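Visitor: I have a structure open and would like to learn how to read it. Could you walk me through it?

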Amino acid sequence: MSNSGWATGAPLTATPDWVDELLLAGDDRDVCLHFGSPVDRAGLRHAVADREDTLRRLGLARGGSVVLRLPPSLAYAANLLAAWRIGAQVALLDHRLTAYETDRALDRLRPQVVVSFSGTLPGGLRAFYEVADIAEARDGRPAETGHAVVQLSSGSTGPSKVIARTAAQLVAEIDRYTRMDGVPLPGERVVLLASVVHVLGLVGGLLYCLHAGVELVLPERLTVDAILRAVAAGEAPTTLLGVPFHTELLASNPNPPKLPQLKRMTTGGELVRAEVAQRFTDRYGIVLGNMYGMTEVGVIATDLFGEHRPSLLPAPGITVRELDGELLIATPASPYIGLSDPTRWVDGWLHTKDAGRVDPATGLMTVLGRLDSQVSVGGLKVDLTEVEHTLAALPGVESAVVVFDSGIEAFAVVPDPAAAAALEGELAVRLAPYKRPRVLHIVEQLPRTATGKLVRDRAVLRTADPTSAP
């Protein structure tokens, strides 16, 4: 049975008017978004219509192509829905990309229209912005495929890929959310910490909430105090939706206030480390749920009640199997456009490149880390994820990344010099000699992707510690 008060119980379908029917429908007075101030359905529809007029005047039509380079904002949501109402293909670029990265992406995508913003964005870990959006026509080309959205992968382990999804696939993912027990219900609230440019915040946050009648709130800033203020600002049952980084951030607060409306936090991406999960649940007294997904597919499996950690149950309509220790997802067509690795999608199966297992009796799947995290040291197998979690759990370590080149190397943020000096001794107690990092770099900060994932690309990590030689 669907959890959504807006769904019919039958699977959702992507009709030509899917935006109006599934995302914009509802009572004019219902508050659906909160970007600093409340936005009701009538206000959202007006904002979408205004942007649609602008895009049409620039020549955008069904089958056209547009790039959005906007920060989280009402302007972002309105332009996205407006372009989809027209029937155009929308490519999403993170607003935090440099000018060089943006130019390279535009050269790859060659859109007919680009929507960006004027001026300089303020700093301070803001979660949303008030921006003046600017739409400009370019000498681009129409969409070469029938996909509704194009995204660049986060590139946490290497160069980004061009990933595309159809309107039908987006609608199918919204439908998966409505059919999962434990998702926010109509009349409830979601405080979104994940970026609306990336799949968790886009579909699990923006699109699902618009469809289900759940108020979507973005905190003023991504700080502990601002997040908790956003939760406290409403009385309706509230779910936090973010990534493990946000859980670590909130768990660092030793004395959070009582928040009776806070019912759950759900994280996507990497698994929250066990000690962080325990500290979070001890301090907030709520369920910490987990989701596993990919930009290519969206949500794949969940454990929204924290009952199976670290295992998850495949989402409705998702088929997962294990092949030679790798998790594969049934997908009828390749999600990649342009140049791509031909081994990623083969004969209807998407190779996740994640190590894992599937229990044939229960159907539960367990993600064991990236396949490239399994390395051989002197003929002995080492799981870099195990080494990384062990290092990150040591006293004084704020974050850590472990990689392998000719040997195991670790990069860690450890502000206290005494704690840093004790790391090798602590590791010697906890890890066999062949598992220990050959080199341990103490750095001030570790690079993260736009979605908050720690970067494990060796070339990028070198920038965190200039003394680390290639």
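Visitor: Which residue is the bridge partner of Arg-264 in E13?

Guide: Val-287 in E13 is the partner of Arg-264. Before we go on, this is a predicted model, in which local features need pLDDT of at least 70 and side-chain atom pairs count only at pLDDT 80 or more, while totals for chains, interfaces and linings use all residues. Residues are numbered from 1 along each chain as its sequence is written, and side-chain values use heavy atoms, with hydrogens and water left out.

Visitor: How many bridges pair E13 with strand E14?

Guide: Five bridges, in the antiparallel sense, pair E13 with E14 (residues 298-303). Met-294 has Gly-298 in E14 as its bridge partner, and a hairpin of three residues joins E13 to E14.

Visitor: Why is E13 described as largely enclosed?

Guide: Buried means under 20% relative accessible area, exposed over 50%, and partly exposed in between (1.4 Å probe, protein chains only). Strand E13 (residues 287-294) has six of its eight residues buried, so the rest of the structure largely encloses it. For helix H6 (residues 199-212), 14 of the 14 residues are buried, so this helix is also largely enclosed by the rest of the structure. Just after H6 comes Gly-213, with a positive phi of about 75°.

Visitor: Which residue in the hairpin of E16 and E17 takes a positive phi?

Guide: That is Asp-324, in a hairpin with two residues between the strands. Its phi is near 50°, a positive value in a residue other than glycine. Asp-324 is exposed, with a relative accessible area of 77%.

Visitor: Where does Asp-347 lie?

Guide: Look in the loop between strand E18 (345-346) and strand E19 (349-358). Asp-347 has a positive phi of about 50° although it is not a glycine. Asp-347 is exposed as well, with a relative accessible area of 71%.

Visitor: Is the peptide bond from Arg-309 to Pro-310 cis or trans?

Guide: The bond is cis, with omega near 10°. You will find Pro-310 in the loop between E14 and strand E15 (311-314).

Visitor: At what angle do helices H8 and H9 pack?

Guide: Axes are lines fitted to C-alpha atoms, for helices over the stretch in contact, and angles run from 0 to 180 degrees between N-to-C directions. Contact means heavy atoms within 4.5 Å. Helix H8 (residues 244-251) and helix H9 (residues 274-284) pack at about 50°, with their axes 9 Å apart. Angles under 35 degrees count as roughly parallel, over 145 as roughly antiparallel, 65 to 115 as roughly perpendicular and the rest as oblique; H8 and H9 are therefore oblique to each other.

Visitor: Which residues of H8 and H9 meet?

Guide: Thr-247, Glu-248, Leu-250 and Ala-251 in H8 meet Val-276, Arg-279, Phe-280, Arg-283 and Tyr-284 in H9. By type, the residues of this contact are five nonpolar, one polar and three charged. Ala, Val, Leu, Ile, Met, Phe, Trp, Tyr, Cys and Pro count as nonpolar, Asp, Glu, Lys and Arg as charged, and the others, Gly among them, as polar.

Visitor: What is the order of strands in the open sheet of six strands?

Guide: The order is E6-E5-E3-E4-E7-E8, with mixed pairing. Strand E6 (133-137) and strand E8 (162-165) are at the edges with a single partner strand each, so one side of each has no neighbour in the sheet. From one strand to the next, the twist averages 20°. Strand E5 (residues 113-117) runs antiparallel to E6, and five bridges join them; Val-114 stands opposite Glu-136 in E6.

Visitor: Which strands does helix H5 lie across?

Guide: Helix H5 (residues 167-178) lies across E7 and E8, running at about 75° to E8.

Key. Two strands pair if DSSP finds at least two bridges between them. Helices (H or I, at least four residues) and strands (E, at least two) are DSSP runs, numbered from the N terminus.
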